[in-house]
Amino acid sequence: MTKKLIVILGDQLNLEISSLKDFNPKKDTILLCEVWMEATYVKHHKKKIVFIFSAMRHFRALLEKSGFPVSYVKLDDPDNTGTLLTEVKRAQKRYDPDKVVITEPGEYRVLEDVQNWERNLNIPVKIQPDNRFLTSHDQFSNWADGRKELRMEYFYREIRRNYNILMDGDVPIGGKWNYDADNRQPPKAGLNIPPPSHFSPDAITTEVLDLVQTKCADHFGKLEGFDFAVTRDQALRVLNRFITEKLPQFGTYQDAMITDEPWMYHSHIGIYLNAGMLEPLEVIAAAESAYRNGAAPLN
């Protein structure tokens, strides 16, 4: 039976990620690594680095709790070689896998590097499609083929049909595809805008805060007030609070701005979707359920 080294990137923190399909805990090993190259190829905001590394370390704990063998390399590990490829090579020497498996990276820069791994490692490298996206590359190409313009509105309609999102047969519920005219209202006086979710740093996050303050002191941004979710459970709490407290007014005031209200009624979940901690369809289902239960208007 083939022995696999599964490489999971810092924005693929999901137990259902395609690279984990057919995982055999008796033979396979998961590799997660914090590498200097990914933290510094451009200078990221310090809080972004803390978010990613803390989320990775919490995901490691979730993997191990779920019975997955994990090899984890921290940024300040004295043996850390600093790049993704060289860390995969180190893991290759330790575990002698027959094959490397990775879900397709979302960044072209990383994807181009991974596409050369097979030549550099001299073993097969399987790049799995990213199953978090609602449309594959081929599906999008087929939709786009022959069109004079690639308008987002028409693509959006196609995806709603494909996944039966707020549809009544082949027509949208309410009879209109969008409600832009209803979603550009100016803010009213006296709006009671719920605050965003806050999470106090735990021991893992505190360790990462100290690490980033030391290693990335020349990066921009301040670390004070770091309060993002760093686990899936916390991200789900952010989503649920948005659905309950903010979604009813989100559409109406989605373009409105008020001094000292940086979040307004927005969801504050983009980073959790990007990191894999939330799934697009579960977010859509939560919003649709709120509409069907009479808790949020259609717009």
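Analyst: The second largest pocket has a volume of about 1000 Å³. A pocket here is an open set of points, on a 1 Å grid over the protein atoms alone, with protein on both sides within 12 Å along at least five of seven lines. The grid points are joined across faces, edges and corners, and the volume is the space filled by probe spheres set on the points.

The model is predicted: local features need pLDDT of at least 70, side-chain atom pairs count only at pLDDT 80 or more, and totals for chains, interfaces and linings use all residues. Residues are numbered from 1 along each chain as its sequence is written, and side-chain values use heavy atoms, with hydrogens and water left out.

The lining comprises 39 residues, a lining residue being one with an atom within 4 Å of a point. Nearest the centre of this pocket lie Gly10, Asp11, Glu107, Asn274 and Ala275.

Several elements, which are DSSP runs (helices H or I, at least four residues; strands E, at least two) numbered from the N terminus, contribute to the lining. Strand S2 (29-33), helix H1 (36-40), helix H2 (46-65), helix H4 (108-114) and helix H10 each supply at least two residues. Helix H2 gives the most, with 7 residues.

By class, the lining of the second largest pocket has 24 nonpolar, 5 polar and 10 charged residues. Here Ala, Val, Leu, Ile, Met, Phe, Trp, Tyr, Cys and Pro count as nonpolar, Asp, Glu, Lys and Arg as charged, and the others, Gly among them, as polar.

Helix H10 (270-274) also supplies at least two residues of the lining of the largest pocket, which holds about 1300 Å³ of space.

How values were computed: 1 Å grid on protein atoms, 1.4 Å probe; cavity = no way out; pocket = protein on both sides within 12 Å on 5 of 7 lines; lining within 4 Å.
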